[in-house]
Amino acid sequence: MRHRFATLLTVTALVLTGCSGATGGGNADSARDRSLTVFAAASLQQAFDDMSEGFTAEHPRISIEFNYAGSSTLLQNLESGAPADILATADEATMEMAQQAGLIDRPTRELFAANTLVGIVPDDNPANIATLEDANANGVNLVVCASQVPCGALAQSVADATGTTLNPVSEEQQVSDVLGKVRSGQADAGLVYATDAALASDEVSTFELEGAQDQPNNYPIAQTANSSDREAAAAFIEYVQSDAGQAVLQDLGFAAPQDPDDS
Amino acid sequence: MTTREDRTRSRRRRELAVGVPGVAVALALLAATFFVLPFIALLVDITWSDLPDLLTSPSALDALALSLRTAIPATLICIVLGVPLALVLARTNFPGRTLTRSIVLVPLVIPPVVAGIILTEAFGRSGLLGEQLSAFGIDIAFTTAAVVMAQTFVSLPFMVTSLESHLGSSGQHFERMAQSLGASKWRTFVTITLPLLRPGLISGTVLTFARALGEFGATITFAGSLQGTTRTMPLEIYLARETDPDAAVALSLVLILVAIAVIAVAYFRPTKNTDSVAS
């Protein structure tokens with residue numbers, strides 16, 4: 001009996017430690033001559049997955065492996081030596097850190113898309129919210145990203161621009177957690193990227209945030225410093241910026257990148 | 001199991017100690033290294049001069065205080081609920097007992113995030129029970145109470161299993177004797193069963209507290225993350241990792257030290273071995 005419990009505890013420990021997020025395993029195709037590893041922000045998953053088809057059609061000899069994760073996780077992976085040819089982050093600050101650390105090839109760095117912050121409410125909108133002011137009222141369960149992550153920093157600065165002090169019940173680690181809490185009706189409102197709202201449009205309704213359009217979140221892409229196939233990497237970056245690539249991004253709610261006034 | 005005869009025999013053979021195969025020693029060394037190396041790496045990685053600042057930042061102090069403020073009540077709840085639950089599961093027979101026992105153990109094997117999701121389904125605002133509670137103006141989500149619930153949910157099985165294994169192995173003849181001498185069920189429980197359960201209760205409490213302290217997935221899913229209200233140490237560590245990996249490492253050290261302290265307090269003191277009485 002006791003043995004069985006000991007085993008159970010051991011198994012549990014194994015399961016518990018093994019529960020953290022998985023990274024997407026790619027399809028290593030040995031028949032293809034070249035392979036490209038792309039580290040991309042989680043919010044780009046749908047866009048890049050869609051693009052990979054078109055890209056492979058144009059470049060049949062290049063196969064792509066994607067690793068999607070939070071931008072800062074990607075940066076940490078690169079720092080600890082993970083092999084990648086391309087880095088695409090959800091904000092310029094993270095790319096800047098990668099550049100400072102000598103992890104990317106500076107001249108290849110480009111902006112290729114932008115996202116804006118929007119407010120979302122559950123479809124039945126129980127708290128009757130239409131503006132950030134409504135969402136920020138006392139007694140309303142507003143959920144935002146923590147200011148340590150890009151979407152939270154943006155929420156903070158959009159709120160600051162209108163002189164609002166955010167009053168959330170929870171500061172989540174990722175946009176998807178904010179989305180999840182609004183979807184399930186736990187939260188009355190949340191602040192997420194326009195693209196996330198678009199993906200969940202059958203479960204949440206969107207409201208505009210005053211001044212959010214003036215603060216786009218630009219997505220940079222660059223070759224890594226130790227890319228093993230610069231030509232293939234350049235081809236992918238070119239494809240992302242091409243009409244075909246941009247069309248995919250627009251379909252998913254991304255905007256064209258904008259140069260912010262300062263910096 | 002060991003009889004007096006066995007013991008004398010082993011004493012006589014001490015010079016001829018059987019020993020352990022070399023392969024086992026080598027593998028044991030490997031296992032020990034595997035366990036110890038990460039802790040050494042952590043100590044090496046810490047910027048000791050920054051440590052006081054990192055650990056006394058308001059967010060770190062809030063997180064530590066909140067962790068203790070939630071893990072202690074969660075552990076107490078697990079004792080109050082876990083002892084009767086283990087007793088009923090081990091000593092009574094009712095239809096569906098095996099099923100109940102399996103369900104109690106489920107939180108051990110599901111990822112904590114799943115625990116958070118099902119807690120939300122039950123107690124969340126639009127959840128099964130949560131909807132009724134909400135009507136009475138009780139909103140559990142995003143409160144410190146939600147953190148305690150998440151911790152209780154994932155750590156209760158640790159209490160139940162460690163008690164159950166002691167109940168299973170200790171038999172009931174002392175209790176039967178007490179009752180045949182006229183002691184009430186309650187008196188038997190307090191004066192015989194509980195003292196016999198002590199080792200199980202101690203290890204159960206330690207495991208429960210450690211699990212509650214380390215709880216992450218169910219908390220972030222069910223309770224959310226807000227400094228001072230729901231952001232416990234593990235959540236703070238995970239968030240600090242985003243911008244300040246040094247702070248994350250420093251906070252990890254604190255959590256490890258607390259864990260070591262708890263284990264030390266529970267195990268490294270003379271306790272009477274009540275096991276041998278029963279076997």
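Domain bounds here come from an automatic or database domain assignment, and axes, when we get to them, are lines fitted to C-alpha atoms, for helices over the stretch in contact, with angles from 0 to 180 degrees between N-to-C directions. You're looking at a predicted model, where local features need pLDDT of at least 70, side-chain atom pairs count only at pLDDT 80 or more, and totals for chains, interfaces and linings use all residues. Residues are numbered from 1 along each chain as its sequence is written, with chains lettered from A and ligands numbered from 1 in the order in which they are written.

Start with chain B. Colour 19-50 as domain 1 and 56-278 as domain 2. Their centres, taken over C-alpha atoms, are 29 Å apart. Each domain of chain B puts 5 residues into the contact (C-beta atoms, placed from the backbone, within 7 Å).

Now hop to chain A and pick out the open sheet, ordered β7-β6-β8-β5-β9 with mixed pairing. Strands are DSSP runs of E, at least two residues, and helices are runs of H or I, at least four, numbered from the N terminus; two strands pair if DSSP finds at least two bridges between them. Select β7 (170-172) and β9 (204-207) of chain A: these are the edges, each with a single partner strand, so one side of each has no neighbour in the sheet. On average, neighbouring strands are turned by 35 degrees against each other, direction ignored.

Next, show β6 (142-145) and β8 (189-193) of chain A, a parallel pair over 2 bridges. Zoom in on Leu142(A), which stands opposite Ala189(A).

Last stop: α6 (150-161) of chain A packs on the sheet, its direction at about 120 degrees to that of β6(A).

Methods: Contact = placed C-beta atoms within 7 Å.
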